[in-house]
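Hi,

Here is the structure I promised to send over. Have a look at it first, and then read on for what turned up.

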Amino acid sequence: MSKGLGTTAGRSSRRHVLRLAGSGITMAVLGAGLTGCEDESATGGEGSVPPPRTPAPEDGKDGGAGEDGKAPAPVWSRTTSAQTYGDNDELVAVDGVVIASGDPLAALAGATGEQRWSLADGATPGAPLLLGGGTLYLASGKYDGSVIGYVPGSGEESWRSRLGKEYRQPRPVAVDAEQVYVIAEILEADGSSHTNVIAALNSTTGKVVWKEQRDLGTEQNGVHAAVRGRHLVYTDFKKNLTVRDTATGRQVWTHKTTKTSYGPFAVHGDLVIVPQGSRLQAFALADGSEKWSVEAEEFSLFREPSLVDGVLYIADSGRTLWALDPATGKKVWQSTALRDAKAQVPRQFVRVGGTLYGATDLDPEGGVHAVDARTGALRWTFNDGSGDHHAWLVATDGKHVFALHGKKLHALPA
């Protein structure tokens, strides 16, 4: 499966606005720089992070659990320049580094937290960190209409493309072995914009392969996209689920959905799997026909799905965690461990060995949950106690689980 699954362009999402509005938070983008130094250790008090205990096990079977089932202490913690809106593609771990979207854009060594490289104006706040073919694709933070590819391990520029002067700030939304897919505003003569375009750029030459104007009323922000073979699939704020042909840009089909999640979806085989309120639906990429659906428990709504190692993981608002076969929708297991522990439901998952790690929104009972991937049993929850209003994000390099909360980045033993 291609990289860029479920990526989002334009992260001033409705979900984020509602989350901040509910907390009384003003949406301000703060350009704090990366400190590049380790935070002071503390042993108590609000927001403190305990010092390391014993070394974590290396087999990943118990999720690096500390003493008495408590969360392990971080291997390292750093204050970063992160500017995130709570979407999965704002934190990535690749080529021995971990990168959080921010200005400056900085890569930290996964093992030690030391800064490897930094780029001023390297990323546009809200645009995804898009990985594909060993390249990190970014919308230019200089707002000059460029899309740029970098070597993740070194930060060196390796590719650059421009859609054209008649388009404003193209943002990459998906990538496959041959093309980078972008969405951009179409500029009018007076500098305004009422429509947008979706286009494919050759990932070798940077040349425009095709471009198609989207329907009037669609938005360039809040787009989640993924590629599978000849199909580019994406959702947007206008409750559209659309599939295009990757070779020509031709629209294959589109559905007007009623309760499409504003978060990521999943693609498996020839299916796109989309949560819609209390119903999780799988549609055929070829023609949009429904192949299976799953109903949540009464009064519960599905959150965002994650496809990890061939299993579809998803939580619902009733604090039930589901593991499903993505091909059929059949239940692998269903767990109420989060409900029993009165813990917050996760909205993003990664897996290392036999442990599933789930990141939640802000909540005193949230943070990063470690769950037995075979049963759904809750092992421990890590929370830095900061009370920061940002959602948690997780990524992994197979040795560590990186947990980002606002500007604090923690490396947990996996």
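How many aromatic pairs does a search of the whole structure find? The count is 8 aromatic pairs, and bear in mind that this is a predicted model.

One of those pairs is Tyr181 with Trp210. Their ring centres are 6.2 Å apart and their planes sit at 45°, so the pair counts as tilted. As for burial, Tyr181 and Trp210 are both buried. Elsewhere, Tyr313, Trp333 and Phe349 come together as one aromatic cluster.

Next, have a look at Gly206, in the loop that runs from strand E13 (195–202) to E14. Is Gly206 buried or exposed? With a relative accessible area of 8%, Gly206 is buried. Beyond its neighbours within four places in sequence, Gly206 is in contact with Trp159, Arg160, Ser161 and Leu201. For Arg160, which is 46 residues away along the chain, the C-alpha atom is 6.3 Å from that of Gly206.

The last stop is His400, in strand E32 (residues 400–405). Why does His400 count as buried? Because its relative accessibility is 12%, and the cut-off for buried is under 20%. Leaving out residues up to four places away in sequence, His400 touches Val75, Gly110, Ala111, Ala395, Leu412 and Ala414.

Cheers

Key: Residues numbered from 1 in each chain as written. Predicted model: local features only at pLDDT ≥ 70, side-chain atom pairs only at ≥ 80, totals over all residues. Heavy atoms only, no water. Helix = DSSP H or I, 4+ residues; strand = E, 2+ residues; numbered from the N terminus. Buried < 20%, exposed > 50% of the residue type's maximum accessible area, 1.4 Å probe, protein only. Contact = heavy atoms within 4.5 Å. Phe/Tyr/Trp six-rings, centres within 6.5 Å; stacked < 30°, edge-to-face > 60°.
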